[in-house]
Amino acid sequence: MAHAAPHHDYHLVDPSPYPLVASIATTVMMVGAVTWMKGLFGLPEGTSWLFFAGLAGVLYSAFGWWSDVIKESRAGDHTPVVSIGLRYGMVLFIASEVMFFAAFFWMFFEMAVFNEARAHIPEISNWADTAAAWSTWPPKGVEVLDPWQLPLLNTVILLLSGTTVTWAHHALQVGDRNGAKLGLIITVALGILFTSVQAYEYHHIIHENLFFNEEAANSGLYGSIFFMATGFHGFHVLLGTIFLAVCLMRLLAGQFTPEKHFGFEAAAWYWHFVDVVWLFLFAFVYVTFG
């Protein structure tokens, strides 16, 4: 029996397996990561297949779920009311990401600003050596990076990519598809370049034992928080690059119009977010407390 056409602007999505599949796959991937690093459930340390099985499930869910959203958009289900909901959803997602990075900055500032207070901590077991190492900044044995070399280069790369993605967005809005394609291609290339420079920087840190050496035996938390903060940002840049690359492919396929291109707009918002986070990382982790 045919269903009557809805008399409202909302879109009721069809039942989808992807929320459940994505949840299970994410759990498997996280358990697999612990197994890979520490060993779990009788599986020895270094077992990686469980992590990659979960990762494959996550990628499968992401591809299938987002493909369904694109199909709904092209079918005309994204009415103005639905589009507003999508924008609210993206704003809330970015807000959650802000709080995610706020936790890392909080930890870093606690270490960097209140280091002198640790000189007054009573000597308790092995903690005394750690407190002594953290009573100075940088912590004892840690060799910080020069912010005006690779970090500055990556800052310029990311800021430039922010201008090119804005150029691409503006070009699409005015119907200049060639300009939008060129701007997106340059943005994706700059994203790849940023990731490459960061990978080289990490190789330099590890190869030269700048953070983890014998003298810095009690200062390992500095390297941990550095890699967590900059590494998660780098992971976001990688995801943003993939996000923009998918938008580029959709643009080449003629799927965006000056009036309807929220997928691209969301990718641009996300890219500007990683720009801003990097500016905070560069200003505080590399320059102010570097």
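These are my notebook entries on what I looked up in the structure above.

**Entry 1: ground rules**

I am working with a predicted model, in which local features need pLDDT of at least 70 and side-chain atom pairs count only at pLDDT 80 or more, while totals for chains, interfaces and linings use all residues. Residues are numbered from 1 along each chain as its sequence is written, and side-chain values use heavy atoms, with hydrogens and water left out.

**Entry 2: the whole protein**

I began with the elements and found 8 helices and 0 strands in the protein, where helices (H or I, at least four residues) and strands (E, at least two) are DSSP runs, numbered from the N terminus. Read from the N terminus on, the elements run α-α-α-α-α-α-α-α. I then looked up the extent of the C-alpha trace, which spans about 75 × 50 × 30 Å along its principal axes. Of the 290 residues in the protein, 38% are buried; buried means under 20% relative accessible area, exposed means over 50%, and partly exposed lies in between (1.4 Å probe, protein chains only).

I looked up α7, which has 33 residues and reaches 47 Å from its first C-alpha to its last, close to the 48 Å expected at 1.5 Å a residue. The expected span of a helix is 1.5 Å times one less than its number of residues. After α7 comes Gly254, whose phi is positive, near 75°.

Helix α8 covers residues 262-288, and its 27 residues reach 37 Å from first C-alpha to last, close to the 39 Å expected at 1.5 Å a residue. I also noted a bend in α8 of about 25° at Leu281, the bend at a residue being the angle between axes fitted to the seven residues ending there and the seven starting there.

**Entry 3: how the helices pack**

How do α7 and α8 lie against each other, parallel or antiparallel? Their packing angle is about 155°, and their axes are 9 Å apart; axes here are lines fitted to C-alpha atoms, for helices over the stretch in contact, and angles run from 0 to 180 degrees between N-to-C directions. The two helices α7 and α8 are therefore roughly antiparallel to each other, since angles over 145 degrees count as roughly antiparallel, under 35 as roughly parallel, 65 to 115 as roughly perpendicular and the rest as oblique. I recorded that α7 passes α8 in a left-handed crossing, a crossing being left-handed if the near helix is turned anticlockwise from the far one by less than a right angle, and right-handed if clockwise. The contact of α7 with α8 has 20 nonpolar, 6 polar and no charged residues; Ala, Val, Leu, Ile, Met, Phe, Trp, Tyr, Cys and Pro count as nonpolar, Asp, Glu, Lys and Arg as charged, and the others, Gly among them, as polar.

For α6 and α7 I found a packing angle of about 155°, with axes 9 Å apart, and these two helices are therefore roughly antiparallel to each other. The crossing in which α6 passes α7 is left-handed. In the contact of α6 with α7, I noted 18 nonpolar, 9 polar and 3 charged residues.

Phe41 is not a glycine, although its phi is positive, about 55°. Is Phe41 buried or exposed? Phe41 is exposed, because its relative accessible area is 69%.

In the loop between α6 (177-207) and α7 (220-252) I found Asn209, which has a positive phi of about 55° although it is not a glycine. Asn209 counts as partly exposed, because its relative accessibility is 43%.

**Entry 4: some C-alpha separations**

I looked up Ile205, a residue of helix α6, which is buried because its relative accessible area is 2%. Ile205 and Glu143 are 62 residues apart along the chain, and their C-alpha atoms are separated by 9.2 Å.

His272 has its place in helix α8 and counts as partly exposed at 29% relative accessibility. Between the C-alpha atoms of His272 and Val165, 107 residues apart along the chain, the separation is 8.8 Å.

Ala117 lies in the loop between α3 (80-113) and α4 (127-133), and its C-alpha is 7.0 Å in space from that of Ser135, 18 residues apart in sequence.

His170 and Val34 are 136 residues apart in sequence and 44 Å apart in space, C-alpha to C-alpha.
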